[in-house]
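Here's a quick briefing to read with the model open in your viewer.

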Amino acid sequence: MDTLTSLIRAKTEQAIAAAFSLPPEEAGADISPCAQEEFGHYQCNSPMRLAKSLKMAPRAVAQKII
């Protein structure tokens, strides 16, 4: 049985792989419970990690993933 976090991670990895034409093993999603409850239940820090290697702004990376 999959946990909610693992389902969110899998869907996010699919979106990252599709957005940037990456192999699934390079599209790892950094999903964790949100530290500040007012911002939601989970957070994804992958745009910050990907921004450097893609030479793009983190916000642009996040928008492309969405």
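C34 is buried, with a relative accessible area of 17%, which puts this cysteine under the 20% cut-off for that label. Bear in mind that this is a predicted model, so every value below is computed from predicted coordinates.

**Cysteines**
- How many disulfides does a search of the whole structure find? The count is zero.
- For C34, the reason is distance: the closest cysteine sulfur, in C44, sits 12 Å away, too far for a bond. A disulfide would need the two sulfur atoms within 2.5 Å.
- C44 is likewise in no disulfide, with the sulfur of C34 as its nearest cysteine sulfur at 12 Å.
- Is C44 buried, partly exposed or exposed? C44 is partly exposed, because its relative accessible area comes out at 32%, between the 20% and 50% limits.

**Around P33**
- P33 lies in strand β1 and is exposed, with a relative accessible area of 58%.
- Leaving out residues up to four places away in sequence, P33 touches H41, Y42 and Q43.
- P33 and C44 are eleven residues apart along the chain, and their C-alpha atoms are separated by 8.9 Å.

**Helix packing**
- The axes of α2 and α3 come within 8 Å and cross at roughly 110°. That angle makes α2 roughly perpendicular to α3, because the perpendicular class runs from 65 to 115 degrees.
- Which residues meet where α2 packs on α3? From α2 you get P47, M48, L50, A51 and L54, and from α3 you get P58, V61, A62 and I65.
- By type, the residues of the α2 and α3 contact split into nine nonpolar, no polar and no charged.
- α1 also packs on α3, at an angle of about 105° with the axes 8 Å apart, so α1 is roughly perpendicular to α3.
- On the α1 side, A15, I16, A19 and F20 meet V61, K64 and I65 of α3.
- The contact of α1 with α3 counts six nonpolar residues, no polar ones and one charged.

**Nonpolar core**
- The largest nonpolar core has twelve residues in all: I16, A17, A19, F20, L22, A27, A29, I31, L50, A51, V61 and I65.
- α1, α2 and α3 each put at least two residues into this core, and α1 gives the most, with four.
- If you zoom in on A27, and set aside its neighbours within four places in sequence, the contacts are E13, I16 and A17.

**Positive phi**
- As background, most residues other than glycine have a negative phi.
- Where is S21? S21 is in the loop between α1 (4-20) and β1 (31-33), and it is exposed, with a relative accessible area of 67%.
- K55 also has a positive phi, near 55°, and is not a glycine either.
- You'll find K55 in the loop between α2 (46-54) and α3 (58-65).
- Is K55 buried or exposed? K55 is exposed, because its relative accessible area is 75%, over the 50% limit.

Terms used:
Residues are numbered from 1 along each chain as its sequence is written. This is a predicted model: local features need pLDDT of at least 70, side-chain atom pairs count only at pLDDT 80 or more; totals for chains, interfaces and linings use all residues. Side-chain values use heavy atoms; hydrogens and water are left out. Buried means under 20% relative accessible area, exposed over 50%, partly exposed in between (1.4 Å probe, protein chains only). A nonpolar core is a set of buried Ala, Val, Leu, Ile, Met, Phe, Trp, Tyr and Cys residues joined through side-chain atoms within 4.5 Å. Contact means heavy atoms within 4.5 Å. Axes are lines fitted to C-alpha atoms, for helices over the stretch in contact, and angles run from 0 to 180 degrees between N-to-C directions. Angles under 35 degrees count as roughly parallel, over 145 as roughly antiparallel, 65 to 115 as roughly perpendicular and the rest as oblique. Ala, Val, Leu, Ile, Met, Phe, Trp, Tyr, Cys and Pro count as nonpolar, Asp, Glu, Lys and Arg as charged, and the others, Gly among them, as polar.
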